[in-house]
Amino acid sequence: MELPVSVERQSRWLPLHTLAVFCFLYLPIVTLIVYSFNGQGVGGFPPRDLTLSWYRMLFVDDAIWQSVLNSISVAFAAVVIALAFGIPAALALDRANFPGKAVFRRLVLLPLILPGIITGLSLLMLFREVDVKLSLATIILGHGTALISVATTEVFAGLQKLDRAQEEASLDLGANYWQTFWRITIPNLRLSIIGAALLIFTLSMDEIAVSFFLIGRDNTLPLEIWGRLRRGITPEINAISSIIFVFSLAVIVIWYRLRERKGQTEVAPELVQ
Amino acid sequence: MGSLADKLTASQNSAMSPAATLLDVCNIAKSFGRNPVLKDISLQVAEGEFLTILGESGSGKTTLLRIIAGFESADSGEILMGGERLDRLPPFHRRVNTVFQSYALFPHLTVEQNVSYGLRVAKLSRQEIAARVEQALKMVKMTAFAQSKPTKISGGQQQRVALARALVNRPRLLLLDEPLSALDANLRRQMQVELKSLQREVGISFVFVTHDQEEAMVMSDRIALLRHGALEQIASPREIYGRPATAYTAQFIGHTNLLRANVKGGIAHCGSLSWPVSVSDGPALFSLRPENVRMAAGERRTDFVRLKGRVLHQAFHGATELLQVDCGDGLQISMRSASRNDWQGELELDFACADAIPVRDSGEKA
Amino acid sequence: MFSRAYRAAISVPPLLWVAIFLVVPYFLLFCYSFWSVSSTQQIVHTWGLQNYRELLRVNVYLQTLFRSMWIAARVMIFSLLLGYPLAYYLSFHAGKHKDMLYQMVIIPLWVSYLVRAYAWKTILGSEGVLNTLLQYLHLTQHPLDFLLYSPFAVVLTLTHIYTPFAFLPIYASLEHIPRNLIEASHDLGASPSQTFWRVILPLSIPGVLAGATFAFVLSLGDFLAPLLLGGPSGVMISNIVVSLFGAAYDWPLGAAISFCMLGLVVALLFLSENLEKKWSFR
């Protein structure tokens, strides 16, 4: 709801400030996309010689596509792990009482706010001590662990909107806990779960801090890009970045269309309570 | 000191002595999108009056209140207070205060800080603020809770604080948006009495919005009945009950029987019944209150209509009950009577011709 | 309502996972911080405080830590300055554009961090967009040095990254303010700006605290932006940790620093949570 019209007439600077912030937020992205077509490569103003050559170079770059494949597999696996443990965690926080629950809650949410390198480092030490070789599998474990908190937060928020009476009705009508879980609880949480899955997938695709320490021989996309950046800026990077951006944009548009169709208007995720 | 009940009766009985007009609502209209919510409303609020705006949900009563408060602006028309244009002012410049339906107490301030809010904004002196707040809290009997937070007190207590917070600013007009709707029945009845006596005590005009017609009748000096954004009738409770202008009014306030009759040569014919009326010829509608239908005794009296019927069912209301009587020819009459268990056989009933009040047809059936 | 078995089924698996992959690793981190590394690059499992003493003794560690905190503080302040009015505008003035604008704030979050940090590099470089633009407009003669490979670049980039993070909880808390409280404030005579200072701002403080905490803590531990854009003067504490696990092979020392960071973050979260509780009015 808005302030009534009679009160509107104030702050001229507020909309200007908003516009400025949006410009600030989008400047790098726009620059990136524009310069991915720049014949002169990176930098220089104004952009000249519009060309698709960087994109063409990108398409024949095997290493990049291999890393994209790796990232996608890791992301899918991370989604599975994060949901498989994050959904029960959210349920447990909502409905179960056990000693140490408060500590558990904080622990689950900690990787969200702790610098990623600490999570990565500590897992590295674990793998070191039990002699596990670093590979995509270790990255998957790392991502899964770090992103359980995302699943838990989203699903927990969804649980608050769930009408407890529906589950009670199901039990009343003869379904047991397991059946109620699959027939009533999960379907009602569908929106939260899908939202969590999309978010986890995207975060995993972009994850660097944890992956940095747990990488074996196979690179994920961010680490592949990272490696090239160390050697110097190439315009190919602009191209792949623009593609990533368009892809993320498509994902988020799909997500919001989905949400609208389900009639959800509340969009602010409640993070650390 | 007379009892509270006496005070109430006295205030309702006294004819409205001609008091000055405080608020003049002129031809207010408001639509939300294509939906006309208020259609050309005009009314006046007198100084020191307790006016209730009564109506169903969707009648526009809350919108009207919000326009007076300043939270909405009307599409057309004007509002004058003391001869000056009120509708041109933003809400924080109007000498009008509101008691919200959800109380809207500030959760981050104590009761005392809530009540003093308007005074602090107006930058009154600390002593003045303290004195007025103390008086206001005493008036609503919340002195003991001055340092409590709103989340820690009950609904009824929050409502009192909301009242104090509004009244402490000494507004010229107090608006109350269904403030009692969240309270349970007993507390509600108690608060109705308290609010009415409070209004008498402070002497400020109250405009009270509700959908509960009993509540309106208990508390008001006058009732303005709103229907689909138009003013159906505005009169004192007794007047609006005893002389409803339309069928809608007659049915909305209290129970009634609506008799469809055909008037010919000064006689109304309704089925097998007929009685003399002073209404012009043609189809007519009459409102007959159930309490005006009684068991007939002895000879048929002049100016009374007699009828026979069998009891279909009875609804027990404690001291009285409401009977549904089948009088033949498709005519069913509601009748209110002292409670009795044994309504057997055919009854002889009658009602005074004068109690059949002619009403305008509202175009809506019961 | 929920049976023992149900509650066990939902609590045990996540508890186990958290125990194995969070608690044990953090514990290992703790242990490592007391060990040392031999000259042959082997981890020596002897217990001692040598790493912590090293941290206090050698200046560079504390200096970098303070520099990191100062950078994080600036990022926090700027994120709040950018994010709060943005959230306020969306919540109270955006009307039917609110949802669309909200999505527009979120979209950059979904775009790769690496990509955005790299983009700033192309903008701020001496051959970069900004410098060439300024020279093109004849506003400067030579490229401005401080734009890149400096704390300035790090603060700028991190502010860009974390402003949406600051925005989110502030927006949520503003949305939670019942609109009738604002009407009540107007009704009682307070102008819109008085209403802001007396009602809206106090009630939005939990959101502000959460946003500030995010921005500060996440910036503090960031290693990517300083690595890409910080240059030698913009080195932050995480960069030191990364190098200790890389070229400057000294895991125990790195663990010690990490553990200190962990402790610092936990302390900050604790502080923030308590402050939020004090200011929350549920």
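**A predicted model with chains A, B and C**

With 16 C-beta neighbours inside 10 Å, B:C26 counts as partly exposed, because that count lies between the limit of 12 or fewer for exposed residues and that of 20 or more for buried ones. The residue belongs to strand β1 of chain B, which covers residues 21-32. Once neighbours within four places in sequence are left aside, B:C26 is in contact with B:S42, B:G77 and B:E78.

Chain B has an average pLDDT of 89, and 94% of the residues score at least 70. Within the chain, strand β3 (residues 50-54) has the highest confidence, at 97, whereas helix α1 (residues 4-13) has the lowest, at a mean of 49. Over residues 10-17 of chain B the pLDDT stays under 50, and for this stretch the model has four contacts beyond four places in sequence.

Chain B is divided into two domains, domain 1 spanning 4-245 and domain 2 spanning 249-359. Their C-alpha centres lie 38 Å apart. Nine residues from domain 1 of chain B and eight residues from domain 2 of chain B make up the contact between them. On the domain 1 side, the elements that give two or more residues are β10 (230-235) and α8 (237-242) of chain B. By class, the residues on that side of domain 1 of chain B divide into five nonpolar, two polar and two charged.

Two residues of chain B stand out by their backbone angles. B:K123 is not a glycine, but has a positive phi of about 60°. Its place is in the loop between α3 (111-121) and α4 (126-139) of chain B. Is B:K123 buried or exposed? B:K123 has 7 other C-beta atoms within 10 Å and is therefore exposed, since the limit for that class is 12 or fewer.

The other residue is B:E178, also not a glycine, with a positive phi near 40°. B:E178 sits in the loop between β7 (173-177) and α6 (185-202) of chain B. With 19 other C-beta atoms within 10 Å, B:E178 is partly exposed, because a residue counts as buried at 20 or more.

The remaining points concern chain A. The mean pLDDT of chain A is 81, and 87% of its residues reach 70 or more. Residues 1-8 of chain A have a pLDDT that stays under 50, with 16 contacts in the model beyond four places in sequence. The pLDDT is also below 50 over residues 265-273 of chain A, a stretch that has 16 contacts beyond near neighbours in sequence.

Chain A touches chain C through a contact that takes 72 residues from chain A and 81 residues from chain C. Which element gives the most to the chain A side? Helix α1 of chain A (residues 13-35) does, with 14 residues. By class, the side of chain A that touches chain C has 55 nonpolar, eleven polar and six charged residues.

Methods. Residues are numbered from 1 along each chain as its sequence is written. Chains are lettered from A and ligands numbered from 1 in the order in which they are written. This is a predicted model: local features need pLDDT of at least 70, side-chain atom pairs count only at pLDDT 80 or more; totals for chains, interfaces and linings use all residues. Two residues are in contact if their C-beta atoms, placed from the backbone, lie within 7 Å. Helices (H or I, at least four residues) and strands (E, at least two) are DSSP runs, numbered from the N terminus. Ala, Val, Leu, Ile, Met, Phe, Trp, Tyr, Cys and Pro count as nonpolar, Asp, Glu, Lys and Arg as charged, and the others, Gly among them, as polar. pLDDT is the predictor's confidence in each residue, from 0 to 100. Domain bounds come from an automatic or database domain assignment.
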